[in-house]
Amino acid sequence: MKDFDHLMSVWQGQPKPDQLSVDEVLKQVKKGIRSITTKLYWSIVAMVVITIFAFIITFFLAFKSWVTTVGILIVLITMLMYLSLIVRHYHILSKRDATLNPSEYLDSLKAYQKNRTKVIGWFYYIYTLLISAGLAMYLIELLETASLPFKLVTYGSTIIWFLFTTFYLKPRMFKNEEEKLNLMIDRLVRLQEQFD
């Protein structure tokens with residue numbers, strides 16, 4: 001009996017698993033989602049302004065070469081594709097309320113994360129490639145009368161910028177957002193397990 005009492009005291013002395021506060025978790029998840037949707041909102045605003053600017057350049061300025069017009073159209077179409085993608089992501093994240101049905105919300109967050117990872121991975125490279133091609137075609141006429149060193153500096157800095165954004169900035173930005181989503185999903189999973 002003494003061993004049983006000792007075993008009970010050891011078992012009762014074990015630290016209890018942290019109980020998550022439902023309100024606190026939902027507040028943190030809402031705050032995280034609000035942070036992501038705010039970034040998406042301002043990205044949408046910026047893309048709309050840039051798209052309008054590209055539209056004005058395309059249809060209200062006269063160019064000598066058809067290559068320049070095709071280049072701007074490629075940039076414009078690519079920006080519209082990207083704009084539709086971020087508007088879709090914004091609607092997916094902002095249309096649901098975590099407090100109404102946390103289990104359903106968790107499933108939608110997991111689906112969003114899986115879809116986002118797949119789409120953003122291949123879409124970003126297509127986006128960068130099309131923007132680069134369109135910009136290169138646009139710059140042919142724009143830099144026609146420029147000196148060779150100026151052309152080299154312009155094309156070189158453009159290439160460096162796209163390499164920088166593709167291989168340095170993109171992984172960090174998406175990793176940061178991925179970590180936020182993982183943290184929110186992890187909190188909701190722990191909360192769900194707490195009630196199961």
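Rings of Phe, Tyr and Trp (its six-membered ring) are taken as a pair if their centres lie within 6.5 Å; planes under 30 degrees apart count as stacked, over 60 as edge-to-face and the rest as tilted. Under this rule, Tyr82, Trp122, Phe123, Tyr124, Tyr125, Tyr127 and Phe174 form one aromatic cluster. The structure is a predicted model, in which local features need pLDDT of at least 70, side-chain atom pairs count only at pLDDT 80 or more, and totals for chains, interfaces and linings use all residues. Residues are numbered from 1 along each chain as its sequence is written, and side-chain values use heavy atoms, with hydrogens and water left out.

The protein has five helices and zero strands. Both kinds of element are DSSP runs numbered from the N terminus (helices H or I, at least four residues; strands E, at least two). The order from the N terminus is α-α-α-α-α. Of the 196 residues, 31% are buried. Buried means under 20% relative accessible area, exposed over 50%, and partly exposed in between (1.4 Å probe, protein chains only).

Helix 3 spans residues 66-94. Its 29 residues reach 42 Å from first C-alpha to last, close to the expected 42 Å. The expected span is 1.5 Å times one less than the number of residues. Ser65 caps the N-terminal end of helix 3. A side-chain oxygen of Ser65 lies 3.1 Å from the backbone nitrogen of Val67.

The aromatic pairs number twelve. One of them joins Tyr82 and Tyr127, with 5.0 Å centre to centre and 35 degrees between the planes, a tilted arrangement. This pair links distant parts of the chain: Tyr82 belongs to helix 3 and Tyr127 to helix 4 (residues 102-142), 45 residues apart. Tyr82 is partly exposed, at 22% relative accessible area. Tyr127 is buried, at 17%.

Helix 4 also holds Gly121. Gly121 is partly exposed, with a relative accessible area of 25%. Gly121 and Phe174 are 53 residues apart in sequence, yet their C-alpha atoms are 9.5 Å apart in space.

A nonpolar surface patch is formed by Val48, Ile52, Phe55, Ile56, Phe59 and Phe60. Together these residues have about 600 Å² of accessible area, computed by the Shrake-Rupley method with a 1.4 Å probe. Patch residues have over 30% relative accessible area and no salt bridge; nonpolar side chains (Val, Leu, Ile, Met, Phe, Trp, Tyr) are joined within 5 Å, like charges within 9 Å. A salt bridge is a side-chain nitrogen of Lys or Arg within 4 Å of a carboxyl oxygen of Asp or Glu. Phe55 sits in helix 2 (residues 22-60) and is partly exposed, at 41%.

How values were computed:
Polar contact = N/O pair within 3.5 Å; in protein donor to acceptor, adjacent residues only side chain to side chain.
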